[in-house]
Every structure is written in structure tokens, then in C-alpha cells.
Amino acid sequence: MDKKNYTTDAINLKSYDLSDADKIILMYSKDKGLIKGVAKGVKKPKSKLGARMDSLIANTIMFAKGRNLDTICQAQSINSFKESRQDIDKLMCSSYISEIVTNFGVEEDPCSKEVYELLYKALDKISRAESKKDVLIATIKFQLKMMLISGFSLELDSCLCCGERVLNEDMYFSQDMGGIICKECNETFKIKTKMHYKIRDFLEAMLQFDFDYTCDYDQKATEKVCTVCFNLLKNYIQSHSNKKFKSDKILQEIL
């Protein structure tokens with residue numbers, strides 16, 4: 001293969017108009033983290049790239065290296081996650097997790113394979129989910145695992161202040177500190193977000209298990225519990241992101 005060309009698996013995150021016929025596609029790749037490529041002629045009806053350049057599609061892509069931006073030469077679809085395009089909850093949660101990757105991902109990411117596979121599995125699980133609860137569980141697992149990879153993992157086992165383990169008792173969640181505070185320590189901090197220990201246990205299980213493993217917590221959790229956990233994590237992620245989330249207002253309306 002020409003040294004100026006390279007191939008990688010990548011998931012389309014968003015696109016920008018470059019001209020009347022061309023677009024710039026922002027992707028997260030398995031080998032290089034965040035990458036941008038020019039899709040020439042993609043807006044023309046007979047484009048060879050066509051719908052494969054739509055957002056939330058995984059492709060194997062061949063690039064030709066350019067001076068400023070690389071050009072997308074070929075794209076072979078791996079997964080279009082088509083079921084998510086027919087369901088508003090699935091579509092919005094898929095868009096939301098892709099926005100997390102856009103905001104926290106970096107170019108030449110040393111964790112690119114791990115992040116790519118996490119995003120791919122989450123999008124696939126969401127697309128195949130049979131209920132809104134299953135969509136939320138897949139999203140929660142992604143939120144927790146992506147924050148772990150990004151260096152913003154939550155402390156859910158021990159109090160961040162005194163270091164003592166918090167067992168079967170209620171606790172408080174600190175968005176700024178990134179974890180739990182026991183009742184005694186919270187007499188000083190006065191944190192208002194109370195967390196039941198069963199919610200904490202559910203979150204710990206979601207972090208531990210993969211997307212294809214169904215544990216007791218998956219089965220016992222209600223849609224209401226999942227919504228509470230999703231929003232708690234969403235607020236935490238937003239507070240640690242340097243970029244605003246465009247999906248926030250729509251998510252508030254549907255979840």
C-alpha cells in the first residue's frame with residue numbers, strides 16, 4: 001500500500017460543510033483517536049461515499065494523507081446501528097455518548113482502541129435494546145467506563161474525606177469531588193445530593209460488568225432508578241468537560 005495512504009476503523013461523530021459538495025467528517029478511530037477527514041463530493045446524489053458518512057456509523061476507512069486534512073478515499077460500512085435511527089430514545093442516547101467522545105477524546109489517543117471498542121459496544125447495545133430501561137443501562141455503563149478511561153472515575157466505595165468504607169447506609173454524592181461522602185463527614189460539607197446505598201451498589205455493578213453481561217442489578221433496576229443514575233452521571237460529566245453539551249436540552253425533554 002502507498003505510504004501516503006492508511007486504513008483504520010472509525011465511527012462518525014459529526015460533520016461540517018466544507019463546500020457545496022464536500023464535508024469534513026469528525027471520527028473516532030481505533031488507531032488514532034479523534035481524526036478528521038474530507039469527504040469529497042459526499043453531498044452529491046451519486047457520491048460513492050453516500051450515507052456511510054452519516055453520523056453514528058462505523059466504517060473501515062481508507063485515507064489519503066494531505067497537507068492539512070486527510071481525504072477519505074473509500075469507506076466500507078461495519079455497522080450502521082440502524083435500529084437507533086427509528087427510536088428517539090435510542091437516537092438521543094447514541095448521539096449523547098458520541099458527544100462525550102467528541103468532548104473527551106483526543107488526537108493520537110494512547111487509549112484509542114479501548115475507547116473505540118467501548119463506543120462501538122455501547123452503540124450496538126443501544127441499537128439492539130428492547131426497552132427504554134435497557135437503553136439507559138447501556139448508556140450508564142458507557143458513562144462510567146468512559147470516565148474511568150478519561151481519568152475522572154468516581155469513588156463509590158469509600159468516603160472521600162475520612163476514607164472509611166460506606167456499606168449499607170445512605171451517603172451523599174459530591175459532583176465536584178467525584179464520589180461519595182459519609183453522613184458524618186457531610187455534617188461539615190453540607191452536600192445536598194443524597195445517595196441510597198442501593199443506588200451506589202447499582203452504579204458499581206454497571207462499572208464492573210460488560211455490555212453483554214446481565215447481572216441481578218440489570219434485572220431489578222427500574223426505569224426510574226436508571227433515569228436518576230443517568231442524570232447524576234450526566235451532570236458529573238458536564239461539570240468536568242471543557243465543552244458544552246448540545247444534547248442536554250433534548251435529553252431533559254425525553255428522559
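A residue counts as buried when its relative accessible area is under 20%. In this predicted model, Arg-200 has 3% relative accessibility and is therefore buried. Asp-201, at 18%, also counts as buried.

A residue counts as buried when its relative accessible area is under 20%. In this predicted model, Arg-200 has 3% relative accessibility and is therefore buried. Asp-201, at 18%, also counts as buried.

The model holds ten salt bridges. Another pairs the side chains of Arg-128 and Asp-124, at 3.0 Å from N to O. Both residues lie in helix H2 (residues 112-128), four residues apart, or about one turn of the helix. Arg-128 is partly exposed, with 43% relative accessible area. Asp-124 is buried, at 18%. A salt bridge also joins the side chains of Lys-132 and Glu-223 (3.9 Å, N to O). Lys-132 lies in helix H3 and Glu-223 in helix H7 (residues 223-239), so this pair ties together parts 91 residues apart in sequence. Lys-132 is partly exposed at 25%, as is Glu-223 at 38%.

The largest pocket has a volume of about 460 Å³. Its lining comprises 21 residues, and Leu-13, Lys-14, Ser-98, Glu-99 and Thr-102 lie nearest the centre. Strand S1 (5-17), strand S3 (33-39) and helix H1 (88-104) each give two or more residues to this lining. H1 gives the most, with six. The lining divides into seven nonpolar, six polar and eight charged residues.

On the surface, Leu-160, Met-177 and Phe-189 form a nonpolar patch with about 250 Å² of accessible area together. Leu-160 lies in the loop between helix H3 (132-150) and strand S6 (171-174). Leu-160 is partly exposed, at 32% relative accessibility.

Note on methods. Residues numbered from 1 in each chain as written. Predicted model: local features only at pLDDT ≥ 70, side-chain atom pairs only at ≥ 80, totals over all residues. Heavy atoms only, no water. Patch = residues over 30% accessible without salt bridge, like charges linked within 9 Å, V, L, I, M, F, W, Y side chains within 5 Å. Areas by Shrake-Rupley, 256 points an atom, 1.4 Å probe, with all protein chains shown as cover. Salt bridge = Lys/Arg side-chain N within 4 Å of Asp/Glu carboxyl O. Buried < 20%, exposed > 50% of the residue type's maximum accessible area, 1.4 Å probe, protein only. 1 Å grid on protein atoms, 1.4 Å probe; cavity = no way out; pocket = protein on both sides within 12 Å on 5 of 7 lines; lining within 4 Å. Points joined across faces, edges and corners; volume = space filled by probe spheres on them. Nonpolar A, V, L, I, M, F, W, Y, C, P; charged D, E, K, R; others polar.
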